[in-house]
Amino acid sequence: MDTVYVESAARSHPRAIAALERHPRAAVIECGHYGEVFNMRSQNFRLQKQRPALILAAKRGRTVLPTPPGYSIGATENFYFSHMLNCLYDCRYCFLQGMYRSAHYVYFVNFEDFETEIDRLRSESRNPGNLCFFSGYDCDSMGMERMTGFAERFLPFFSERPDAWLELRTKSIATRVLEAADPVPNIVVAYTLTPDVIAREIEHGAPSFEKRLDRVGSLARQGWTVGLRFDPLVPWPGFARLYPDMIDRIFAEVDAGQIHSATLGTMRFPKAMHDRIVKLYPEDPLFALAETETRDGQMTYRADVEDELVGLVAERLGRYLPDAKIFRQTG
């Protein structure tokens, strides 16, 4: 990391100090609020992604938010919180590249405020024991664990709160903190999985399918509850063979009894966001697919293509998992 921006009010936080110590050669620039850097106009996400800076900040206002409708793995109440904005990887279907002007990493160091809000929501819940918190919505939950210590902090936190679920969604194979810990029954380690030929084309910088699958299998054998995330499904040439073959390969490696849930979703963006992403990467093969259309203001796949793709994957998953563990994501 060549440059680290740090909010003046966050600079004395122990996690900010530790992050700065990890980058002793970086230029350090103070700012009043991370938005002064992150939300500047005339930034180029594509160029910044090549050498992103780190921004150390404190999350203000609402630290935990309700998930969009249709985003669930079975709980009645669903929330998300983000200890980071932006992701280590560069997946072409990611909505972050169309949502943010900047590709810099924002690291919110005030984990304590997330914990306070989670406890408040637990105490006010009308469905105690039926809450789920998603941590990989605006970032990869495990991708920068060596610097953030996010999982290391929240494993014991949720182990002491068995009435709430935590989903750690990731593509990372940097899971030493999980391997060194006893499995926590109410934590789901959820891996996004894509057929290898597709992953190599559009999931830039992410571990290969085989490496991710190996980690899913080893964590499941250790006793961790794991999740399978097929979101987004992509109507790549040959998908009718690629996806069933991938699912068979997964269940040859992973005991179905250790799987908490599998989710299915297709690429969906507000049209303006989709247009911004295509403008960044007009030559990318993902956007050369002709199966898209605008429905209800969202750019997504044609209804017939979407139904065929989701139906194909759901049918194959149904050979290994009960329907109650298969969720279609629309949010």
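**Contacts, cores and helix packing in a predicted model**

Setting aside neighbours within four places in sequence, Arg 22 is in contact (heavy atoms within 4.5 Å) with Arg 146 and Met 147. The structure is a predicted model, in which local features need pLDDT of at least 70 and side-chain atom pairs count only at pLDDT 80 or more, while totals for chains, interfaces and linings use all residues. Residues are numbered from 1 along each chain as its sequence is written, and side-chain values use heavy atoms, with hydrogens and water left out.

Arg 22 belongs to helix α1 (residues 14-22); helices (H or I, at least four residues) and strands (E, at least two) are DSSP runs, numbered from the N terminus. With a relative accessibility of 42%, Arg 22 counts as partly exposed, a class that falls between buried (under 20% relative accessible area) and exposed (over 50%), using a 1.4 Å probe and protein chains only.

Cys 94 sits in the loop between β7 and α4 (96-99) and is partly exposed, at 23% relative accessible area. Beyond its neighbours within four places in sequence, Cys 94 is in contact with Phe 269 and Ile 277. Phe 269 is 175 residues away from Cys 94 along the chain, yet 9.4 Å separates their C-alpha atoms. Gly 74 is in the loop between β4 (65-66) and β5 (77-80), and its relative accessibility of 47% also makes it partly exposed. Leaving out neighbours within four places in sequence, Gly 74 is in contact with Asn 130 and Phe 327. In space, Gly 74 lies 8.5 Å from Ser 261, C-alpha to C-alpha, although 187 residues separate them in sequence.

Attention now turns to the interior. A nonpolar core is a set of buried Ala, Val, Leu, Ile, Met, Phe, Trp, Tyr and Cys residues joined through side-chain atoms within 4.5 Å. The largest such core has 103 residues, and the members that touch the most others are Phe 133, Phe 154, Phe 230, Ile 250 and Leu 317. Helix α11 (residues 239-253) supplies the largest share of this core, with 7 residues. Another core, of 7 residues, lies apart from it and includes Ala 75, Tyr 80, Cys 132 and Tyr 137. When neighbours within four places in sequence are left aside, Leu 317 is in contact with Phe 230, Ile 247, Phe 251, Ala 262, Leu 264 and Ile 326.

How do helices pack together in this model? Two packed helices are described by the angle between their axes and the distance between the axes. Helix α11 packs with helix α13 (residues 303-317) at an angle of about 25°, and their axes are 10 Å apart; axes are lines fitted to C-alpha atoms, for helices over the stretch in contact, and angles run from 0 to 180 degrees between N-to-C directions. This makes α11 roughly parallel to α13, a label used for angles under 35 degrees. Phe 239, Ala 240, Tyr 243, Pro 244, Ile 247, Asp 248 and Phe 251 of α11 meet Glu 308, Leu 309, Leu 312, Val 313, Arg 316 and Leu 317 of α13. The contact of α11 with α13 has 10 nonpolar, no polar and 3 charged residues, where Ala, Val, Leu, Ile, Met, Phe, Trp, Tyr, Cys and Pro count as nonpolar, Asp, Glu, Lys and Arg as charged, and the others, Gly among them, as polar.

Helix α7 (residues 150-159) has Phe 150, Ala 151, Phe 154, Leu 155, Phe 157 and Phe 158 buried. These buried residues are covered by elements including α5 (111-124), β9 (131-134) and β10 (164-170). The axes of α5 and α7 are 12 Å apart, and the two helices pack at an angle of about 30°; they are therefore roughly parallel to each other. Phe 111, Glu 112, Phe 114, Glu 115, Ile 118 and Asp 119 of α5 make the contact with Phe 150, Arg 153, Phe 154, Phe 157 and Phe 158 of α7. By class, this contact of α5 with α7 divides into 7 nonpolar, no polar and 4 charged residues.

Finally, the backbone deserves a look. Most residues other than glycine have a negative phi, and most peptide bonds are trans. Asn 86 is not a glycine, but has a positive phi of about 85°. Asn 86 lies in the loop between β6 (84-85) and β7 (90-91) and, at 3% relative accessibility, counts as buried. The peptide bond from Asp 231 to Pro 232 is cis, with omega near 10°, and Pro 232 has its place in strand β13 (residues 225-233).

Key
Angles under 35 degrees count as roughly parallel, over 145 as roughly antiparallel, 65 to 115 as roughly perpendicular and the rest as oblique.
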